[in-house]
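Have a look at the sequence and the model first.

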Amino acid sequence: MADFHKPSLPGAALFDAVPDRDDPAERTAAGHRIANLLVRGAHDPSDRDLIDRVLHLADSEGMGVIAELWSKAPSETVAGALWRLYVLRTWVRNNPVQASREFAAGRAYAPVQEVLAGVVDPPGPNEVIELADTVVRGIVTADFDVALDRAAAFAHIVGVGRGQIDDSDPASAARLVDTARHLRAAAEAERHGELH
């Protein structure tokens with residue numbers, strides 16, 4: 001994902017869920033709480049209020065503000081999985097022609113990965129944006145593992161495709177395949193109730 005630049009935090013105020021904005025531990029804890037609420041849903045009124053504030057912030061300031069809280073999360077966490085989905089979505093949105101070209105190239109070389117990932121028809125670039133938007137908005141709670149598998153299949157196919165085209169970037173292709181591996185592992189952890 002050579003063209004991807006890590007999003008920066010716009011503005012001085014993030015939101016009330018981060019009591020001390022300068023404390024990395026507080027930011028990490030807030031990121032994990034928000035990620036779990038978005039994926040698992042609210043269990044009490046204060047959780048519902050926080051989700052509403054987070055979604056309002058995403059609408060007004062952009063998803064990058066929230067995703068930044070997930071950027072340091074380990075891949076085997078909900079926050080880490082959401083960060084990888086966000087990065088994939090951002091890259092596809094910023095580079096749709098490249099994403100489509102690499103996806104098309106990869107499908108010829110990675111059909112077995114589609115089946116191994118449990119994805120008969122892997123999502124294309126537009127579907128990945130839609131998939132990530134749906135997950136991040138907290139709509140897909142019961143099928144989070146399926147969403148992660150689909151994103152993993154896409155990332156793997158694009159990574160393989162990136163390695164096959166003439167102007168390929170092998171290091172970037174390897175990072176995409178690694179992202180696919182992390183997303184697939186997160187999907188498996190989710191199926192076993194181990195993704196927190």
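In what order do the elements of the protein chain run from the N terminus on? They run α-α-α-α-α-α-α-α-α, and the count is nine helices and zero strands. Here helices (H or I, at least four residues) and strands (E, at least two) are DSSP runs, numbered from the N terminus.

A word on the ground rules. This is a predicted model, in which local features need pLDDT of at least 70 and side-chain atom pairs count only at pLDDT 80 or more, while totals for chains, interfaces and linings use all residues. Residues are numbered from 1 along each chain as its sequence is written, and side-chain values use heavy atoms, with hydrogens and water left out.

Now to the chain as a whole. Of the 196 residues in the protein chain, 52% are buried, where buried means under 20% relative accessible area, exposed over 50% and partly exposed in between (1.4 Å probe, protein chains only). The chain exposes about 9400 Å², and carbon and sulfur atoms supply 52% of that area; accessible areas come from the Shrake-Rupley method with a 1.4 Å probe, and for residues only the protein chains shown count as cover. Among contacts (heavy atoms within 4.5 Å) with a separation of 6 or more, 69% join residues 24 or more positions apart.

Let's turn to helix α1 (residues 24-40) and helix α2 (residues 45-61). Their axes come within 10 Å and cross at roughly 100°. Axes are lines fitted to C-alpha atoms, for helices over the stretch in contact, and angles run from 0 to 180 degrees between N-to-C directions. From α1 come R33, I34, L37 and L38, which meet S46, D47, L50, I51, V54 and L55 of α2. By class, this contact has seven nonpolar, one polar and two charged residues (Ala, Val, Leu, Ile, Met, Phe, Trp, Tyr, Cys and Pro count as nonpolar, Asp, Glu, Lys and Arg as charged, and the others, Gly among them, as polar).

Next, follow helix α8 (residues 144-164) and helix α9 (residues 170-191), whose axes come within 8 Å and cross at roughly 165°. The two are therefore roughly antiparallel to each other. Their contact has 15 nonpolar, four polar and six charged residues.

Finally, find A185 in helix α9. A185 is partly exposed, with a relative accessible area of 46%. A185 and E76 are 109 residues apart in sequence, yet 7.2 Å apart in space, C-alpha to C-alpha.

Note on methods. Parallel < 35°, antiparallel > 145°, perpendicular 65-115°, else oblique.
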